[in-house]
Amino acid sequence: MPPAALRLDIDLEALAANWRWFRDRSGAAATGAAVKADGYGLGADRVIAALYGAGCRDVFVTTFAEAATLARPARDMTIRALHGLRPADEIVPDVVPVLNSPEQIARWRDSSGGAPCDVMIDTGMNRLGIDWRGFAVDMLAGLNVDIVHSHLACADDPESPMNDEQLQRFESALAAVRAARPDVRGSLCGSGAVCLGPEYHFDLTRPGLGIYGGVPSPAAAGTLARVVRPHAEVLTVRIVPAGDSVGYGATWRAPTETRVATINLGYADGYLRGFSNAGSVVLAGRTRPVLGRVSMDLVTVDVGDLDVTEGDWVEIDYDLSSAAAASGLSQYELLTGLGHRYQRHYR
Ligand SMILES: *Cc1c(COP(=O)(O)O)cnc(C)c1O
């Protein structure tokens, strides 16, 4: 097969350094990692191996099925399944479910043979977990509970009053559990919440986005290393005469004669149409703008007088924070949308 015309450079050293940044800010709490959605699109097995090397011993995926596909680097790496135990799930030995409802709790109690589990308390997201208002410790009867979790709705905004509200609800639920079971651990933080302060950390943190180089909170801006750099090949370069348009919908028209490179990347690769007339690429160290609408497999770029020709490669400007602002996508969407046409290069 000829080489792919799309390449994703993934810097696992940077990923490990970012994880250590969260470890250093998690105080006495252990630091885990969210690796759901195939390691936020970067390849869960490679991500997990790098995190294990850095000292991480707890990773979070969504389902038992997802957990079953992973290569566990060693027995002391615990995989936890955030979606709990669905009716159709087959239990995977040593995978710990995060149980989310009375139905899941009953199912685990009846089928797990006393294996350890986690429980999610919903403190205000109304998505997964047992509602904090109806939670009672006797709901956990017959379970071997390791960790009680909750998840914050607004951790990316340190000013949001919801953070403290959810913290207080979680503290009282956890205190009630610990009155009967002092060894049960608590966990409340994704990456944004780690930055909110030590009172949020409890016993285990669960950062995701920041490990992959996203900025989860204003407090982390400028501190985390870039992990992912997409590159694409130039297919052709043309001179567009003044007055001509470029691409579908003719959304860009040349004010003067313009050199345009057509690049092998499109919305099928997660480079969604929000980048139309808004994204940029880096070529010979210079930032050049995307012109016109992003197509399924193609993007057009103003290359000015730069020396560029068929077969050259450009780096897509994928600084997660600024690319999110340019495109209207979230940093999470930018990572998980990357798609399968990239040849992934790890270093
Ligand atoms: C995805 C997820 C995380 C990680 O969140 P980030 O914002 O990516 O750091 C943590 N906890 C739970 C329950 C999650 O679903």
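This report looks at one helix pair and at the surroundings of the ligand.

## About the model

The model is predicted: local features need pLDDT of at least 70 and side-chain atom pairs count only at pLDDT 80 or more, while totals for chains, interfaces and linings use all residues. Residues are numbered from 1 along each chain as its sequence is written, and side-chain values use heavy atoms, leaving out hydrogens and water.

## Two packed helices

Let's start with helix 1 (residues 12–25) and helix 3 (residues 44–54), whose axes are 9 Å apart and form an angle of about 50°. Helices here are DSSP runs (H or I, at least four residues), numbered from the N terminus.

On the helix 1 side, L12, L15, A16, W19, R20 and R23 are in contact (heavy atoms within 4.5 Å) with R46, V47, A50, L51 and A54 of helix 3. By class, this contact has 8 nonpolar, no polar and 3 charged residues.

## Around the ligand

Which residues are around the ligand? They are A34, K36, Y40, L82, H151, G190, S191, R206, P207, G208, L209 and Y332, each with a heavy atom within 4 Å of the ligand.

An oxygen atom of the ligand is 2.5 Å from an N or O atom in the Y40 side chain, and a ligand oxygen lies 2.8 Å from a polar backbone atom of G208.

Notes. Axes fitted to C-alpha atoms, helices over the stretch in contact; angles between N-to-C directions. Nonpolar A, V, L, I, M, F, W, Y, C, P; charged D, E, K, R; others polar. Polar contact = N/O pair within 3.5 Å; in protein donor to acceptor, adjacent residues only side chain to side chain.
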